[in-house]
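Colleague: I would like to go through the terms used for this model. Please set each value against its cut-off.

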Amino acid sequence: MNAIVIDAFDFCRSNGSQHGTTPVAEMTRLTKDCADTSGTITWKAVGGTSKMGFPQMTLSVTGTVQLVCQRCLTPYAHTIDAQTVLMLGKDDEQADEIEEMLNDETIDVIVGSRSMELMDLVEDEALLALPHTPKHDDCPETALLDKAKSEKLSPFDALKGLKSE
């Protein structure tokens with residue numbers, strides 16, 4: 001994966017912007033949850049300052065990844081479309097203080113760095129956008145499964161057959 005190292009505080013202070021498209025195959029943590037390595041993730045990071053004066057970054061990721069349906073165990077295309085606001089603290093203590101002041105579950109507070117790997121944040125956001133239990137809305141090829149369920153014989157039916165002989 002192409003490394004994009006930024007000074008997160010300078011990036012936010014200068015209203016920096018970075019964007020790109022990265023193959024899923026280059027995101028090693030993401031590929032562990034995928035059926036295959038096809039697809040791309042398009043991303044955009046925009047820096048700024050919050051109303052409270054703290055550095056913040058808006059991160060957007062979109063794309064399609066192949067996941068395995070947990071119902072029918074076949075691959076399916078899952079669309080990722082996520083956006084998050086990351087507010088930056090200088091250290092863990094300041095990040096905790098900011099989080100308490102905000103009291104807002106929609107904003108994530110992280111510890112910023114002068115050498116932050118932007119692609120790690122992109123991959124994190126893509127991973128967070130994956131469903132906990134991946135599954136089709138409607139599984140294909142369920143006719144065989146439905147037929148097997150409807151044809152299921154009771155073990156007592158077999159015993160009845162033995163008794164009548």
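Modeller: The protein chain exposes about 10500 Å², of which carbon and sulfur atoms supply 50%. Accessible areas come from the Shrake-Rupley method with a 1.4 Å probe, and for residues only the protein chains shown count as cover. This is a predicted model, in which local features need pLDDT of at least 70, side-chain atom pairs count only at pLDDT 80 or more, and totals for chains, interfaces and linings use all residues. Residues are numbered from 1 along each chain as its sequence is written, and side-chain values use heavy atoms, with hydrogens and water left out.

Colleague: Why does Gly-16 count as buried?

Modeller: Buried means under 20% relative accessible area, exposed over 50%, and partly exposed in between. Gly-16 has 13% relative accessibility, so Gly-16 counts as buried.

Colleague: What does Gly-16 touch, not counting residues up to four places away in sequence?

Modeller: Gly-16 touches Phe-11, Ala-45, Val-46 and Gly-47, where contact means heavy atoms within 4.5 Å.

Colleague: Why is Glu-105 called exposed?

Modeller: The relative accessible area of Glu-105 is 77%, and the cut-off is over 50%, so Glu-105 is exposed.

Colleague: Where does Glu-105 lie?

Modeller: Glu-105 lies in the loop between H3 and strand S6 (107-111). Helices (H or I, at least four residues) and strands (E, at least two) are DSSP runs, numbered from the N terminus.

Technical notes
Buried < 20%, exposed > 50% of the residue type's maximum accessible area, 1.4 Å probe, protein only.
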